[in-house]
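Subject: Structure for your review

Dear colleague,

Please find below the structure that I am handing over to you. My findings follow it.

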Amino acid sequence: MTELTFAVVTVSTSCYEDPIRDQSGPALIKYMAEKPNDTVHWIHLASTVVPDNQNHLKETLFKLCDELVPSLILTTGGTGISPDDVTPEATREVITKEIPGMSQTMISKSLAITPMAMISRPVCGIYQKTLIINLPGSSKGCVECLDFVYPILRHAIDLIQDKRTEVSVTHSLMQQKTERKHHSCGEHYHYHHHHAETRKKGERLRQSPFPMIPVDDAMKIIFEQAKKMPIIDKSLTECLNYICAEEIVAKEPVPSFRASVKDGYAVRLYSDRSHEQIYEIIGRSDAGGDNNNVSLNEGQCVIINTGAKLPDSANAVIQIEDTQVHEWHPKKINDTNEKSIRILSECTMNQDIRAIGDDVNVGELVLEKNTLLGPAELGLLATVGLQTVRVYDKPHVVILSTGNELMPIDAPSTNIGKIRDSNKIMLMSAVQDLNIPYVVDGGTATDDEASVIQTLKSAFDIADVVISTGGVSMGDKDLLKTILTEKFNATIHFGRLQMKPGKPTTFATCEINGKKKLFFGLPGNPVSALVSYWLFVVPTLKHMIGHQQAHYPIIRVQLDQPIAYLDPRPEYLRVIIEWSTRSSIPIARIISSSNQCSSRLLSARRCTGLVRLPSKNDVDSSFFNMKSDGSGQQVDCLLLSL
């Protein structure tokens with residue numbers, strides 16, 4: 001099966017301003033994913049939304065072609081005759097060859113559906129190795145027009161990319177069809193020169209039908225499918241560790257009154273600074289008290305506490321340490337015997353006064369959108385008077401296991417052929433560690449079709465995200481992928497990855513009761529499951545709940561020992577990150593360096609980093625050069641924790 005790549009560009013100013021309104025782009029992606037074809041596997045590289053601006057669209061097409069080099073770019077929108085419809089003009093500035101037959105086919109077949117096709121102006125053509133096709137802007141029309149030209153896409157791309165063998169086979173097929181008086185460009189036909197492996201009934205599959213794709217490509221696919229959770233209003237007291245979904249701007253100043261910074265006296269200074277600095281005490285102002293607006297004349301003051309409101313006529317605060325009692329009352333007045341004080345130090349206008357809005361001004365940005373709400377942030381929101389805040393909701397996650405070999409973790413002893421289900425508690429704890437409270441044990445399915453179907457059904461009924469371990473590899477009891485597609489009409493977006501451990505990691509989506517569900521099928525070996533969880537599930541969940549930086553940060557580290565061998569696949573080593581005066585960069589100490597096999601969970605204990613070793617095909621011999629001090633290579637590392 002041949003792999004071809006495609007990208008989708010939605011051209012619409014309204015969708016550019018509010019991407020959630022885009023229905024056509026997702027409709028095209030769904031069509032390409034679900035179109036039955038036994039010779040082509042379409043890989044979705046990217047989607048974007050651009051405004052109705054000729055230069056913007058032109059630059060986007062150039063950027064996609066030059067950087068991603070997709071086999072096909074589908075644009076939707078902007079092909080009409082209104083002043084804003086500039087997609088054909090922008091496309092003609094990009095392509096070097098036009099293919100009018102494809103455009104004419106779309107128009108002629110669309111006319112049988114609607115007379116509005118007469119005012120459509122699609123352009124199709126070639127830039128370098130990419131076929132670019134303009135489609136209408138409606139979600140229905142764009143899919144219909146794509147379906148009209150779909151039969152010729154594979155052959156057109158083979159021609160553009162100069163795949164002579166494939167072109168020759170197709171021409172041979174078309175020659176046979178001319179004998180039946182069918183035009184080669186108008187008939188739906190399939191190519192049979194690249195078969196996926198077939199098997200007789202009861203025979204085990206010998207090769208995976210899924211292409212092995214890079215980790216970065218897999219993450220892009222997931223993010224295209226994983227949307228942010230709905231925004232909800234939540235009480236401030238329940239918002240710890242949620243992500244704020246709006247900018248918070250202060251509607252009132254903090255403080256809203258002039259406040260004292262010190263315990264002491266609020267004074268009305270003498271305008272004549274040479275005057276003897278003796279001040280009569282005529283009252284007091286306590287924090288939160290009602291008697292805080294005594295009218296002061298020059299030379300008068302009130303006792304004041306930190307945070308208390310100043311009388312309007314006071315113009316300075318002098319701390320108690322810089323005063324002495326000058327005269328006493330014979331009995332207490334306003335809870336004090338002090339009658340007057342002498343100021344012993346220089347006191348200036350507005351000294352130790354916190355002005356209105358000194359902390360927060362009206363209209364000041366208090367909190368940026370997508371900020372994690374921790375204790376300080378919640379305190380700040382309470383300070384500016386918020387009682388509720390709009391946050392991203394958190395997903396319901398179901399963790400399930402598969403396999404006849406599993407037994408509960410509280411089983412009294414390990415029976416022959418049985419192992420304790422360590423994956424479930426490991427992953428449930430890991431999800432809870434992300435401050436996602438809705439984590440449910442989805443049970444354990446046996447290696448039986450009915451059991452797997454029922455376990456998945458129960459999980460999909462309540463979950464936004466389902467995480468399963470086991471059942472995704474090449475064993476004859478690995479049933480998940482088949483059941484997902486046949487029983488739940490799921491789309492498997494990838495089923496093999498260029499990584500070690502975790503090659504059989506699977507990602508799928510399906511719709512249950514009108515709601516999209518995400519499914520992660522992780523390998524059954526504990527380390528493989530945990531590494532795949534770190535690489536794919538953590539960024540996905542963080543993205544869904546609104547984190548701006550969903551991925552773990554990547555740092556450069558020095559291995560504590562040299563690597564003498566690299567795998568054909570990029571390999572992820574579990575390490576403990578340490579800092580040493582011997583190195584200007586962190587040291588990555590490989591855990592259980594003699595045995596990091598995917599079943600050995602000891603290699604993940606106290607793990608704080610995940611080192612990514614390159615494929616042996618991506619380095620030259622200099623990578624293995626030994627250092628005089630015996631230290632290892634410098635490599636990239638995901639920083640899991642400090």
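I81, L111, M116, M118 and I119 form a nonpolar surface patch of about 530 Å². A patch is built from residues with over 30% relative accessible area and no salt bridge, with like charges joined within 9 Å and nonpolar side chains (Val, Leu, Ile, Met, Phe, Trp, Tyr) within 5 Å. Accessible areas come from the Shrake-Rupley method with a 1.4 Å probe, and for residues only the protein chains shown count as cover.

This is a predicted model, in which local features need pLDDT of at least 70, side-chain atom pairs count only at pLDDT 80 or more, and totals for chains, interfaces and linings use all residues. Residues are numbered from 1 along each chain as its sequence is written, and side-chain values use heavy atoms, with hydrogens and water left out.

Helices (H or I, at least four residues) and strands (E, at least two) are DSSP runs, numbered from the N terminus. I81 is exposed, with a relative accessibility of 59%; the terms are buried for under 20% relative accessible area, exposed for over 50%, and partly exposed in between (1.4 Å probe, protein chains only). M407, by contrast, is buried at 7% and belongs to strand β20 (residues 406-407).

Next, the salt bridges. Side chains of opposite charge can pair when their charged atoms come close. The structure holds 23 salt bridges, a salt bridge being a side-chain nitrogen of Lys or Arg within 4 Å of a carboxyl oxygen of Asp or Glu. Among them is the bridge between K63 and E67, at 2.9 Å from N to O. Both residues lie in helix α3 (residues 54-68), four residues apart, which is about one turn of the helix. E67 is exposed, at 54% relative accessibility.

K262 and D352 also form a salt bridge, at 3.5 Å from N to O. This pair links distant parts of the chain, 90 residues apart: K262 is in the loop between β9 (259-260) and β10 (264-267), and D352 is in the loop between β15 (336-343) and β16 (353-354). K262 is partly exposed at 27%, and D352 is partly exposed at 23%.

A salt bridge also joins E327 and K339, whose closest N and O atoms are 3.4 Å apart. E327 lies in strand β14 (residues 323-333) and K339 in strand β15, so the pair ties together parts that are 12 residues apart in sequence.

Most residues other than glycine have a negative phi, and most peptide bonds are trans. D352 has a positive phi, near 55°, and N350 has a positive phi near 65°. N350 is found in the loop between β15 and β16. The peptide bond from V254 to P255 is cis, with omega near -5°, and the bond from K500 to P501 is cis, with omega near -5°.

Finally, how do helix α10 (residues 422-432) and helix α13 (residues 526-544) cross? Their axes come within 11 Å and cross at roughly 25°. Therefore α10 is roughly parallel to α13. Axes are lines fitted to C-alpha atoms, for helices over the stretch in contact, and angles run from 0 to 180 degrees between N-to-C directions. Angles under 35 degrees count as roughly parallel, over 145 as roughly antiparallel, 65 to 115 as roughly perpendicular and the rest as oblique.

Yours sincerely
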